[in-house]
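Subject: Handing over the two-chain model

Hello,

Here is the structure I promised to pass on. Please open it first, then read my notes below.

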Amino acid sequence: MKKELRSIMLVDDNPADNFYHQRIIKKYNSEIKILTFESAKAALEFIKTIEDLDFLPNLIFLDINMPGMNGWEFLEEYELLDKVRQSKLLVIMLTTSENPSDIIKARTWNFVADFKSKPLSQIMLEEIEKNHFNN
Amino acid sequence: MSKNDNSKISSPEFTGTLDELLQDYRDLQLRVTRFSSTEQKLINTRNKLDNEINRHKRMHAFNKQALDSMSDDVFCKMVAEAVVDIMEAEVALVFLSHLDNPNFLCFGGEGIVLAETEYPKIKSALSHLCDSNTKSNQLQLDSKEFENIKTWLPLNYAYGIHIVDTKNEISLLLTGGVLEGKEMFYEKPEVESDMLFSIFSQQVLARAINRKKNQTIHNQVEKIETSSNRLSKITDNFLSFGSAPKSNIELLTKLSGDLLKADIAVYSKADECLIQTYKNKGQGGVSTEIKSCHFYFDIFSKLNTKEIQHFNSDEIRVLKNKSKCDFQGMKTYTGCAVMLDNQPIGWLALVYKRKYIPEENEKQIIKIISAGIAVEEMRNISIDKLRDNEQRLDSVVQTQHEMICRFLPDTTLKFANKPYCEAFGLSEKELMGKKVSDFVSADYHAEMKTALANLSKKNPNNTHIYSITDKNGNMIWQEWVESAIFNNKDEVIEIQAIGRDITESKRAEQDRLIAEENIRSKVEELTITNQKLEKLAKDNQELEQYAYLASHDLKEPLRTVENYIYLFEDDYAEKLDEQAHVYLETVKAAIKRMNKLIKTLLEFSQLGANRKLTLVNCNEMLKEILADLESSIKTSEATIEIAELPELNLYEQEARQLFQNLISNSIKFKRKDEALKIKISAEKITEGWKFAVSDNGIGIAQEHFKRVFEIFQRLHTVQEYEGTGIGLAHCKKIVKLHMGEIWINSTLGKGTIFNFTIQKI
């Protein structure tokens, strides 16, 4: 059951990238709500603890190389969350890495929907919405 | 006259009267008479004495004669004649009886004729005349019983003695007497004569006893002589034994027949149905025949101990009826089993035509000979075994590939097998007597001497390697295992040695040592090189990693710059003047170039990281590359000529990059005044393939042939020719990956040939 793309969570330690990606998303669809986390741990805590599941984002753009909890560690923890919460979310890797081994590694989590290279662009968003969401 | 002479002598003067004279005369006469009678007595006594002496002389003569060996009848005859002579009888009877001859009678003198049948009666009658009441053995020949004897003996008067020696079982009856009508010299023997007769008879008895003893001794001496003869025969036979047990057994069997005077001597083995018989032909020796005869076996089967057993003709006769063999009327059969380890292995038997019972010492002889046969049989078995063993050993020794020899402690050769002979190129005969040390190199003499001297019961083996001069005078190496053979004093009497040629292995060993040394030094070199390489590879890897991380990290800020230039343009484009736009465009171009640089650098560092060899058809690959480059080829109006290319194992992705880079390079550096022509060809070389990509472009100066392959090295400005300075470095790295070389042939202004090799991998 495809959902409508209403909110996006950006998990990236680089604020410049987050700012740029916010601009791109706003330009693509100004109605999409954007949650930005510079710490993977904080983002995970948010997902874990939020009571009203309607406030969960529809899509998470997850970076890999981050200080503290990195993208992989985030995925390991995320996997342990209850399935209801998981079902509300779509995880897409968004990273500078083009290393094939990283792409293969990301695929081992079946809830990771895609692997994209920075920077995010209008075209990428179009594709993602087309493939994974009901617009 | 003599009387007068006497009176004259005794009375020279007369005195007195006639009466007185006459009286004197009568006295004288009486005296003379008395004297005469005394004289007569004296004469008689003298005569008697003479007679006695005479008799003693004759007895002595008899004794002397009787001491000589003679037969009993001759002896008795002599005794009888002695009685007639000494006792001055007319006739004499002598009965000398002992076990051998109970009634032996002899007469002395003449006139008595008696039938031999009457002897026992006479002897009995005479012996009865002996007075059993008195101790005397004197015969009472004046008794009434004597009258009865006169029936056979016409004796007028007789005397005699009967002596019995129970201890020696001998009796003597001695009688002397006169025939009827004749007178004896003595009416009755006087005391002296009695004594003499008694002494004489005692002497005769003693003589008889002596004779009997002598006879026994003689018989025993004869027996001893026979035994000693047999013994010496046995000894002679034993001494003449040869080394072959079979002929010795034959000899022993013959000997048993010979010694025990058997008609046939038989020896047979228990497990063979063959019999060797030796027929005694008296003085002429023996004849030998061997036949198969079951008959003997029926008898032999009764023999199962070493004790002598005896069979008579009856038992043999019973068997004879069952047998096909002719037994030639043999009567007795004696023999025993030949025992070895308490088991009968055969039989020795003696067969007689006459009745024969072996004496104890003869049984001993049979036993001795059968024991002798047993010893020979054992020896035979041992010899067979020994021969068997020797043959086996010999065949083993001769068929060995190893050299085998035996030599004395001074190294004089006593035996050598074929391989030994062949090794030294001499026959066994030629080798015998030569010294082992003659073959061994002088350098080893001392060592060999010490090694041999050190052989002892405690240390009986030695292993040595000697260098030896062979038949062709070549120096060869032999390894010898020496084993000492000892006598019963534990002294080394011989040395047996087994050797093999180890020249090849020795040479191989030396070669190996040299090779090992070479290898070791090479390995050392290699190890050093490897270490260097490893370090280099590690450094390289680190460098690549570094390059990757650096370029990766460079990307991030550059992207941010790019992103924000885009945002800047987006947000402020309207507020900027013309000049600001030119600046922005320059920044954007620089960013683009920087991106390209980073991307290439990333590719370069990642090159071969996931490489995989695949069989690639280069013709196909080139077609695809040309299709990819279609637009730039069209733009530059290049003609590309591709010769027949091989199919080979390549890191496909990298190889594709290589060709693409080289072609792009040619297109990029084309001459503006001439149409571009690119030729791609390949030729087979020993290690793989050599490729050439040639063009008629601007060419490269010789001094730059090496430099162009170094990373970030550029020959031209960016304004002249666009580029990163990585492309050819990339090519070089790819060629290296294929263990090949890349080099340039070029003339400035005329064209360039890029040559590279790819090894067969």
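Where in chain B is B:Asn342 found? B:Asn342 sits in the loop between strand S10 (332-340) and strand S11 (343-352) of chain B. Please keep in mind throughout that this is a predicted model.

I started with B:Asn342 for its backbone. Its phi is near 65°, a positive value in a residue other than glycine. Most residues other than glycine have a negative phi. B:Asn342 counts as exposed, because it has 7 C-beta neighbours inside 10 Å.

B:Asp490 also deserves a look. Phi of B:Asp490 is near 60°, again positive and again in a residue other than glycine. The loop that holds B:Asp490 runs between strand S15 (475-486) and strand S16 (492-501) of chain B. B:Asp490 is exposed, with 10 other C-beta atoms within 10 Å.

**The chains in outline**

Chain A has 135 residues, and 28% of them are buried. Its secondary structure comes to 6 helices and 5 strands. Along the sequence they follow the pattern β-α-β-α-β-α-α-β-α-β-α. Take the contacts in chain A with a separation of 6 or more: residues 24 or more positions apart account for 71% of them.

Chain B has 761 residues, of which 24% count as buried. It has 20 helices and 23 strands. For contacts in chain B with a separation of 6 or more, residues 24 or more positions apart account for 56%.

How many residues of chain A are in contact with chain B? The count is 7 residues of chain A, in contact with 7 residues of chain B. The side of chain A that touches chain B divides into 3 nonpolar, 1 polar and 3 charged residues.

**A cis bond in chain A**

Most peptide bonds are trans. The bond from A:Lys118 to A:Pro119 is cis, with omega near 0°. A:Pro119 lies in the loop between strand S5 (112-117) and helix H6 (122-132) of chain A.

**One side of a helix**

Now helix H4 (residues 119-128) of chain B. B:Ile122, B:Lys123 and B:Leu126 are buried in this helix. Why are they on the same side of H4(B)? They cover an arc of only 100° around the axis, so they share that side.

**Two helix pairs in chain B**

On the H7(B) side, the contact includes B:Ile249, B:Leu252, B:Leu255 and B:Leu259. On the H10(B) side, the residues include B:Ile365, B:Ile369, B:Ile373 and B:Glu376. The residues of this contact divide into 10 nonpolar, 4 polar and 4 charged.

The other pair is helix H17 (residues 618-628) and helix H19 (residues 652-668) of chain B. Their axes come within 10 Å and cross at roughly 50°. That angle makes H17(B) oblique to H19(B). The crossing of H17(B) past H19(B) is right-handed. H17(B) brings B:Met621, B:Leu622 and B:Ile625 to the contact. H19(B) brings B:Ala655, B:Arg656, B:Phe659, B:Gln660 and B:Ile663. Together the contact residues of H17(B) and H19(B) divide into 6 nonpolar, 1 polar and 1 charged.

**Two pairs to check by distance**

Helix H19 of chain B also holds B:Ser664. B:Ser664 is partly exposed, with 16 other C-beta atoms within 10 Å. B:Ser664 and B:Leu629 are 35 residues apart along the chain, and their C-alpha atoms are separated by 8.1 Å.

B:Glu710 is in the loop between strand S21 (688-695) and helix H20 (727-737) of chain B. B:Glu710 counts as partly exposed, with 13 C-beta neighbours inside 10 Å. B:Glu710 and B:Gly727 are 17 residues apart in sequence and 9.4 Å apart in space, C-alpha to C-alpha.

That is the tour. Over to you.

Best wishes

How values were computed. Residues numbered from 1 in each chain as written. Chains lettered and ligands numbered in written order. Predicted model: local features only at pLDDT ≥ 70, side-chain atom pairs only at ≥ 80, totals over all residues. Helix = DSSP H or I, 4+ residues; strand = E, 2+ residues; numbered from the N terminus. Buried ≥ 20, exposed ≤ 12 C-beta atoms within 10 Å, placed from the backbone. Arc of directions from axis to C-beta. Axes fitted to C-alpha atoms, helices over the stretch in contact; angles between N-to-C directions. Parallel < 35°, antiparallel > 145°, perpendicular 65-115°, else oblique. Left-handed = near helix turned anticlockwise from the far one by under 90°. Nonpolar A, V, L, I, M, F, W, Y, C, P; charged D, E, K, R; others polar.
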